[in-house]
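I am opening a notebook on this structure and want to record, entry by entry, what I looked up.

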Amino acid sequence: MRTRGAFVEGVAAGAPFLLVILPFGALFGVVATEAGLDLMQTFALTSLVIAGASQFALVQMLSDGAPAALAVLTALAVNLRMAMYSASLTPHLGKAPLWVRALAAYFLVDQAYAAAIARYSRRPDEPLPRKIAFYFGVLLPVVPVWFLGTLAGATLGARIPPEYALDFAVPITFVAIVAPMLRSLPNLAAAFVASAAALALAWAPYGSGLLLASAAGMGAGAAVELALERRRPAPEAQDERRNAA
Amino acid sequence: MTPIPDSVFWSATLALGLGTFLIRFSFLGLIGGRPMPGWAMRLLRYVPTAVLPALVAPLIAWPAAAGGQIDPARLAGAAAALMVGAFSGRMLGAVVAGMGALYAAQALMG
């Protein structure tokens, strides 16, 4: 089976996430239980949404007594970044059968996106079945562990001592995902502009600042890439120019 | 914290689940195998290095666990993760370095 190798490589790429997803899931289980959700409710939320930050946002707002519609809209805004993940994966997975795309979309978590796009950027011409196999390979150690972590946190119910600073496992993970990608000028520009804009827009309603800052970062990356290309044209571009002359 | 009524919880959870799926499915579902235009691809190349820093910068600058105040230990952890990740290219090493630096800084500052 020629896709097995890609699936196994996906599992290997997803495995390191386990170390942060397990405590993060457990933390959500604890928070949800403390907010008064029972085990079934906690599990339903975590398995229907599979997006930690938005789950925290929803539980926080509902237990603060916010209107359900407002809580849902806020949590959805937190997840809007996934539309960009969806768009970014489409050139690679867009030709897959509809049910495969639907399944891939249901489980499109940050970690799956990060691992998959890193691989697809390195090997853009890999055949579709291998790209699909890699994607679901990444999910194998990620999604069940998220469910298990949540259940563990909810059933143990024990407080995770604050001195473990597990709140910071999430930001650290995001930094660790991005840092290895910061090896070109356009990527550095994108990251710098996006962070600066996100800090400057911190007053904006939650989610909207994130979207504006992301758009600014993407624009900066694309602009720097264009500027670099103009200064030092790629070989194909030079050929085109010669042909045109 | 007030208890969340069952009806509120279930309607909110189903709405968030459905909405999140639609967001994730948006482009994968609608566009299918059609190629994306070049300018779109140029922008999309920078999705990860724009969205994740935008998401994470406020979490690092004003962590909720520190009451939304700047916290030197968490800044040190983030800086360590960034440096180790950028220079080694290894994600897990960056996580370990980041959490390690955070614990070390917390221990030092008591």
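**Ground rules.** I note that this is a predicted model, in which local features need pLDDT of at least 70 and side-chain atom pairs count only at pLDDT 80 or more, while totals for chains, interfaces and linings use all residues. Residues are numbered from 1 along each chain as its sequence is written, chains are lettered from A and ligands numbered from 1 in the order in which they are written, and side-chain values use heavy atoms, with hydrogens and water left out.

**Confidence.** I looked up the pLDDT (the predictor's confidence in each residue, from 0 to 100) and found an average of 85 for chain A, with 88% of the residues scoring at least 70. Residues 236-245 of chain A fall below 50, and beyond near neighbours in sequence this stretch has 2 contacts in the model, a contact being heavy atoms within 4.5 Å.

**Annotation.** The unreviewed UniProt entry marks "transmembrane region" on several spans of chain A, including 12-33 and 98-120; such annotations may be inferred rather than shown by experiment. In the model, residues 12-33 of chain A are 86% helix and 0% strand, with end C-alpha atoms 32 Å apart. For residues 98-120 of chain A I read 87% helix, 0% strand and 20 Å between the end C-alpha atoms. Helices (H or I, at least four residues) and strands (E, at least two) are DSSP runs, numbered from the N terminus.

**Chain B.** I recorded 5 helices and 0 strands for chain B, and 45% of its 110 residues are buried. Of the chain B contacts with a separation of 6 or more, 32% join residues 24 or more positions apart.

Conventions: Buried means under 20% relative accessible area, exposed over 50%, partly exposed in between (1.4 Å probe, protein chains only).
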